[in-house]
Amino acid sequence: MTLLAVEGLAIRFGGVKAVDDLSFAIEKGQIFSIIGPNGAGKTTLFNMISGLYRPSRGSVRLEGEDVTGLPPHLLARRGLSRTFQNLQIFYRMSALENVMVGCHLKERRSVLPHLLALPSVKRQNRESRARAEALLARVGLAAEAHKDAGSLSYGALKRLEIARALGSEPKLLLLDEPAAGCNHVETEEIDALIQTIARDGVTVALVEHDMKLVMKISQRILVLDYGRKLAEGTAQEVRQNPDVIRAYLGSQANAGAPHA
Amino acid sequence: MLARLSRHRAFGLLVIAIVIAVAPLLFPSTFYYRMGTAIFIAALAAVGLNILMGLAGQVSLGHAGFYGIGAYAVAVGPASFGVPGWAAILIGLALAASVAFLVGRPILKLRGHYLAVATLGFGILVSMVLTNEGAWTGGPDGMSVKRLVLFGYVLKDRAAWYWASALVLLMGALLAVNLIDSPTGRAMRALHDSEVAAAVNGIDVARYKLWAFVISACYASLAGSLAALSDAFITPASAGFLKSIELVTMVVLGGMGSVIGGIVGAAFLESLPQLLARMQEVEHVLLGLIIMLVMIFMREGLFPTLARRFGRASP
């Protein structure tokens with residue numbers, strides 16, 4: 001069953017078409033990866049799907065409903081969550097509180113009881129804390145729960161963002177380069193983590209440069225180049241696609257090429 | 001037991017309550033009751049503004065506008081409409097909240113300097129209305145305010161106002177402390193650090209900015225009402241631009257995001273001129289110098305810096 005359907009999606013910044021006439025579909029339960037050279041439009045695509053950018057053309061459907069141009073917090077309510085390539089951490093909060101913010105949609109949100117610290121709020125806080133602690137344990141950060149988020153290592157922050165994104169129990173999780181800047185061991189941890197997330201029924205869309213990781217865990221791969229679809233298919237199909245080979249080898253051969 | 005208690009966020013408030021209760025034993029004259037009252041009222045407004053600035057990370061250079069709404073509600077209400085003082089306080093609160101809601105919706109879309117200038121404009125607008133509507137407000141000369149009567153008791157003497165304003169401050173501070181560790185408080189702190197991350201986690205950023213603005217406006221309005229009632233007199237200048245700047249200075253000086261910090265900042269800025277008053281010629285120079293030195297050497301603000309030095313998490 002299709003969870004996310006993107007059709008004819010396009011966005012331009014000034015005269016530049018960052019993404020152009022892009023269509024694809026993500027099936028429920030898949031790990032769907034999006035690869036391509038730097039500047040191919042991968043993060044721009046994520047930003048449109050998650051509501052941060054409004055596309056100039058085309059549509060995004062989530063579970064069959066048109067969600068094009070909805071603001072991010074409403075998309076979150078419909079089961080979409082994401083992490084960021086350049087970390088977006090709440091640095092003034094502890095690791096635990098970061099993940100508690102991720103549980104926001106599971107919390108009751110009327111303000112007056114919060115000011116009065118009614119017993120129901122205490123209960124609510126306990127629930128969110130327990131939920132956040134479980135998520136931190138899941139990404140291997142249980143021991144760092146009460147540290148300031150700002151004091152965690154880069155690899156830990158990457159996992160913290162994943163834990164936070166899982167707080168809303170999303171149907172679709174967009175991971176933007178979760179293994180970027182991570183060492184070999186950290187990358188393997190992220191690899192295992194993504195697979196358990198998918199096994200628990202969360203559909204994962206992944207933007208990642210680590211080809212070994214992408215080829216290993218993805219059911220389906222979309223290759224972007226200059227904002228357009230270059231190829232789509234299984235790891236096997238993509239690896240043998242002559243266009244993909246040309247784009248990737250080409251970009252390696254000319255280090256100074258515009259999209260390298 | 002004490003160690004466990006001291007980790008609780010409200011512990012600092014307990015300490016402040018004790019200081020407030022004990023301080024009058026050392027007062028050489030009733031003048032100090034009056035100074036205490038002024039500190040508590042300023043602190044109330046600072047605690048509220050800190051919800052907007054320290055928690056939600058939005059600046060306002062116009063909060064004296066809400067202070068003025070509260071002050072003139074208790075001045076004009078009883079004088080022109082025969083409303084009892086306590087009801088005028090509530091009317092002021094409702095008015096400030098509604099104005100904050102209407103003004104906040106469009107201007108909170110602005111960020112940083114733009115928001116600062118827009119709120120500045122709002123503050124100036126309110127003080128101009130108060131100055132120019134002389135028929136209601138007495139114009140630039142101000143107007144006298146009828147004494148507050150509660151349960152048949154006329155709230156007039158300095159000691160009574162000291163205790164009343166302290167009580168209101170402590171209750172206001174307690175609500176602010178409650179807010180910090182609630183889902184709403186976390187949402188506000190989250191959008192302070194990253195609006196995009198807050199939004200993709202389901203937080204309606206505009207809604208929580210507006211809440212912070214409205215709540216802080218209510219604190220300012222209540223402070224304005226109490227100030228007008230305790231002084232029995234009000235001028236537009238006391239709700240003008242300088243008052244807005246004073247409030248922001250209290251928040252930043254005391255410690256952004258810390259409830260106690262707001263109170264400490266207000267106490268510091270209200271009492272320092274009194275302490276320096278003996279050195280008439282250099283009073284203002286010293287005041288400015290001290291503020292600069294505090295900001296240079298205690299950038300987080302007085303309370304968070306000192307609390308860290310003495311090894312306690314700052315509430």
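Residues are numbered from 1 along each chain as its sequence is written, and chains are lettered from A and ligands numbered from 1 in the order in which they are written. Since the model is predicted, local features need pLDDT of at least 70 and side-chain atom pairs count only at pLDDT 80 or more, while totals for chains, interfaces and linings use all residues.

Elsewhere in chain A, an open sheet of 4 strands runs in the order S2-S1-S4-S5 with antiparallel pairing (strands pair if DSSP finds at least two bridges between them). S2(A) and strand S5 (65–66) of chain A each have a single partner strand, so each edge strand has one side without a neighbour in the sheet. Helix H1 (residues 42–49) of chain A packs on this sheet, touching S1, S2 and strand S4 (57–62), and its direction makes about 65 degrees with that of S2(A). Axes here are lines fitted to C-alpha atoms, for helices over the stretch in contact, and angles run from 0 to 180 degrees between N-to-C directions. Strand S1 (residues 2–13) is joined to S2(A) by 8 bridges, and A:Leu9 has A:Leu22 as its bridge partner.

A:Glu27 sits in strand S2 (residues 16–27) of chain A. Having 13 C-beta neighbours inside 10 Å, A:Glu27 counts as partly exposed; a residue with 20 or more other C-beta atoms, placed from the backbone, within 10 Å of its own is buried, one with 12 or fewer is exposed, and partly exposed lies in between. Beyond neighbours within four places in sequence, A:Glu27 is in contact with A:Met1, A:Thr2 and A:Leu3.

Strand S8 (residues 203–207) of chain A is mostly covered, with 5 of its 5 residues buried. Strand S3 (residues 31–35) runs parallel to S8(A) through 4 bridges, with A:Phe32 opposite A:Ala205. Strand S7 (residues 172–176) is also parallel to S8(A), through 5 bridges, and A:Asp176 stands opposite A:Val207.

Over in chain B, the axes of helix H3 (residues 31–55) and helix H12 (residues 241–254) come within 9 Å and cross at roughly 70 degrees. H3(B) is therefore roughly perpendicular to H12(B) (65 to 115 degrees; under 35 is roughly parallel, over 145 roughly antiparallel and the rest oblique). Residues making the contact include B:Ala42 and B:Leu49 of H3(B) and B:Leu247 and B:Val251 of H12(B), and the contact residues divide into 9 nonpolar, 3 polar and no charged. Among the buried residues of H12(B) are B:Lys243, B:Leu247 and B:Val251. After H12(B) comes B:Gly255, with a positive phi near 135 degrees.

Notes:
Helices (H or I, at least four residues) and strands (E, at least two) are DSSP runs, numbered from the N terminus. Two residues are in contact if their C-beta atoms, placed from the backbone, lie within 7 Å. Ala, Val, Leu, Ile, Met, Phe, Trp, Tyr, Cys and Pro count as nonpolar, Asp, Glu, Lys and Arg as charged, and the others, Gly among them, as polar.
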